[in-house]
Amino acid sequence: MTDDLFPLAVIGGGIGGGAAVLRAAQNMMRTVWIRGDRATARASRVKYVYNIDNMIGIHPDIVRGKVLELLQGEEHAAARAVVENAHLHIGTQDIVDNVVERVRGEFAGTVTEIEDKAVSARREGEVFVIETGAGATVKSRALLLSTGVMDEQPSIKMRTKAGKVIDDIRWIYPYANNETFLYCVICEGHLTREASTVVFGAGETAAQIGILFHERYGIPVAILTNGERFEAAEKTRALLGGYGIRAFESRVVEILDGDGEGPRGTSLRGFRLEDGTTVPARFAMIAMGLHRVYNDLARQLGAELDARDGPDEGKRHVLVEAATSETSVPGLFAVGDMTRRRGTSPSYKQIYTAQEYAVRAVNTIDLRQRRARREKAVPRDG
Ligand SMILES: Cc1cc2nc3c(=O)[nH]c(=O)nc-3n(C[C@H](O)[C@H](O)[C@H](O)COP(=O)(O)OP(=O)(O)OC[C@H]3O[C@@H](n4cnc5c(N)ncnc54)[C@H](O)[C@@H]3O)c2cc1C
């Protein structure tokens, strides 16, 4: 328990949380950062984005080029060869680790870290009171959430080598880890540009992604509903037909892997369905909607959620103001994938958007706190 009242508490140790904490530290705002624990990290983007390649500025060749410049001369030939062949991709974990190092090194004393998950949040007057899993109580004047989302994953009814049928999502992990199963159209869609691709999903979103891939990349596309009924608007069905995109409704019973090169997950060949059909594919895009929006704390505090997401509250995004990232609860801000910005469509779920809206939120909090100081310095009636 800390009696300290922090100007800001940030919950979430991913991209949005990291960007908010760095901004707050650079504004010299005393901040407590509740980063989550192993379990929340495993269920977040921090552990699953290994290779960011849609952002200018984040690219292995920038670092490689600079290091190679330092390694000129015969005596460095061996080191140059290592650097030239090194896998220098940058993932979300690298970004967050770097923020942690920076705030510890450059802003020690400004940021207090708690490596635990927040389990509850309430308001006592103007103050937010947060409880962590291990029982710590944290108090703050402003609260920023960036706890993320998790996608729905396809369960595959596949047979083990020993002959046992296991119906589980675990079959897809090696493919997700090797970017042959994809989740993000903007970030990863371009990887499919020369290869046949299936889209997992049974609704309009999956159909629209299939159409987009076909139009943008000119590739063969199929839709796998994995046992569900395919449902899309008449106009969409007509377009799918015109492009030769078929929706297969049979369950997937085998992921066809391997051309003899590389470990499992690196070379997807296609899918075998329960009705005996084989659908060739080098990539699979998962478009089955969200399994969870981690909005529990926002809900406890009474923040308005986006009802357009359907009846399940656990799948609703938190509505925020586009200019400030503030929720319907004054002083409560939310950023990153868990949010939808009012009046802005679409709300991109990207590293750079999480970062921009984290900065908007922290600077809004900073401005309000500085305004309060101004009022004290020159009272209105003084
Ligand atoms: C496969 C894939 C590839 C992607 N590639 C790119 C890309 O190349 N470029 C790009 O711009 N974007 C990419 N994205 C999107 C990007 O990863 C997300 O937009 C970004 O990570 C969202 O940040 P966030 O802070 O909302 O959530 P996350 O980064 O998921 O962070 C959520 C954090 O909240 C913590 N947490 C959850 N619950 C609690 C709790 N109760 N208490 C405390 N902490 C909690 C978790 O531990 C985690 O640290 C990709 C996404 C996917 C799925």
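Predicted model: local features only at pLDDT ≥ 70, side-chain atom pairs only at ≥ 80, totals over all residues.
Glutamate 326 belongs to the loop that links strand 19 (318-320) with strand 20 (332-334). Helices (H or I, at least four residues) and strands (E, at least two) are DSSP runs, numbered from the N terminus.

With a relative accessible area of 11%, glutamate 326 is buried; buried means under 20% relative accessible area, exposed over 50%, and partly exposed in between (1.4 Å probe, protein chains only). When neighbours within four places in sequence are set aside, the residues in contact with glutamate 326 are Leu319, Val320, Glu321, Gly331, Leu332, Phe333 and Arg368, contact meaning heavy atoms within 4.5 Å. Glutamine 72 counts as exposed because its relative accessibility is 56%.

We turn next to the ligand. It is surrounded by 33 residues, the closest being Gly16, Arg45, Asn54, Ser146 and Asp337; a residue is near a molecule or strand if one of its heavy atoms lies within 4 Å of it. An oxygen atom of the ligand is found 2.8 Å from an N or O atom in the side chain of aspartate 337. Backbone atoms take part as well: a ligand nitrogen lies 2.9 Å from a polar backbone atom of alanine 118, and a ligand oxygen lies 2.9 Å from a polar backbone atom of isoleucine 351. Of the 1000 Å² that the ligand exposes when taken alone, the protein buries 95%. Accessible areas come from the Shrake-Rupley method with a 1.4 Å probe, and for residues only the protein chains shown count as cover.

Two or more residues of the shell around the ligand come from each of helix 1 (15-26), helix 2 (38-42), helix 7 (185-188) and helix 11 (351-377). By class, the shell holds 13 nonpolar, 13 polar and seven charged residues. Domain 1 (5-53 + 89-150 + 291-377) and domain 2 (156-288) each give at least three residues to this shell; the bounds come from an automatic or database domain assignment. The centres of the two domains, taken over C-alpha atoms, are 33 Å apart, and seven residues of domain 1 are in contact with seven of domain 2.

The chain as a whole contains 11 helices and 21 strands, and its C-alpha trace spans about 80 × 65 × 40 Å along the principal axes. Of its 382 residues, 46% are buried. Among contacts between residues at least 6 apart in sequence, 60% join residues at least 24 apart.

Residues are numbered from 1 along each chain as its sequence is written, and side-chain values use heavy atoms, with hydrogens and water left out. Local features need pLDDT of at least 70 and side-chain atom pairs count only at pLDDT 80 or more, whereas totals for chains, interfaces and linings use all residues.

Technical notes
Polar contact = N/O pair within 3.5 Å; in protein donor to acceptor, adjacent residues only side chain to side chain. Nonpolar A, V, L, I, M, F, W, Y, C, P; charged D, E, K, R; others polar.
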